[in-house]
Amino acid sequence: MILIIEDDYDLGFVLKKLFSKIFKDECFVTSKLKDAFLCVCSDDVILILSDLDLGFESGTDFIRKLRLIKPHSTPPNVAFTGLTPEDKRFKEASWLCDAVYQKGSVSAGELCKQIFQLLT
């Protein structure tokens with residue numbers, strides 16, 4: 001299963017459709033970190049794609065806590081964000097996540113290609 005953490009409903013829907021078709025795997029989309037933790041702890045998640053700025057919550061907080069809970073079995077995680085590389089949260093995600101992409105700076109095809117490389 002691919003876990004997508006995104007607070008923009010439309011973007012989450014598009015990513016779910018795209019990833020489920022390309023990776024031939026089920027996708028779960030949520031904007032709530034509580035639901036994301038439940039998903040990771042109870043299901044076989046092969047990839048986490050997370051927005052960094054989730055309104056009142058943070059994708060970097062999620063990854064940091066997940067690594068504490070499951071230090072040796074954390075699936076690959078990719079941040080996909082509207083934040084700029086100059087933002088301190090973007091920089092923090094650069095060392096916490098397997099990859100960080102700025103929305104609008106990478107095509108959907110390139111994003112999928114990079115994620116495929118992480119999974120293989």
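Modeller: Arg89 is partly exposed, because its relative accessible area is 29%, a value between the cut-offs of 20% for buried and 50% for exposed. Its partner in a salt bridge is Asp87, and the closest N and O atoms of the two are 3.3 Å apart. Keep in mind that this is a predicted model.

The whole structure has 6 salt bridges. Another of them joins Glu6 to Lys103, with 3.1 Å between the closest N and O atoms. These two residues come from distant parts of the chain, 97 residues apart. Glu6 sits in the loop between strand S1 (2-5) and H1, while Lys103 sits in the loop between strand S7 (99-102) and helix H5 (108-119). Glu6 is buried, at a relative accessible area of 5%, whereas Lys103 is partly exposed, at 25%.

Lys103 also forms a salt bridge with Asp51, and here the closest N and O atoms are 3.4 Å apart. Again the pair links distant parts of the chain, since 52 residues separate the partners. Asp51 belongs to the loop between strand S3 (47-50) and strand S4 (53-54). Asp51 is buried, with a relative accessible area of 4%. Through shared partners, the salt bridges join Glu6, Asp51 and Lys103 into one network.

Now the aromatic rings. The structure holds 2 aromatic pairs. In one, the ring centres of Phe19 and Phe23 are 5.6 Å apart and the planes stand at 85 degrees, so the pair is edge-to-face; the cut-off for that label is over 60 degrees. Phe19 and Phe23 are 4 residues apart in helix H1 (residues 9-23), which means that about one helical turn separates them. An α-helix has 3.6 residues a turn, so residues three or four places apart point the same way. Phe19 and Phe23 are both buried.

Phe37 and Phe62 also form an aromatic pair, a tilted one, with 4.6 Å from centre to centre and 50 degrees between the planes. This pair links distant parts of the chain, 25 residues apart: Phe37 lies in helix H2 (residues 33-42) and Phe62 in helix H3. Both Phe37 and Phe62 are buried.

Phe62 leads on to the rest of its helix. In helix H3 (residues 59-69) the buried residues are Gly59, Thr60, Phe62, Ile63 and Leu66. They lie on the same side of H3, because they cover an arc of only 155 degrees around the axis.

Methods: Residues numbered from 1 in each chain as written. Predicted model: local features only at pLDDT ≥ 70, side-chain atom pairs only at ≥ 80, totals over all residues. Heavy atoms only, no water. Buried < 20%, exposed > 50% of the residue type's maximum accessible area, 1.4 Å probe, protein only. Arc of directions from axis to C-beta. Phe/Tyr/Trp six-rings, centres within 6.5 Å; stacked < 30°, edge-to-face > 60°. Salt bridge = Lys/Arg side-chain N within 4 Å of Asp/Glu carboxyl O.
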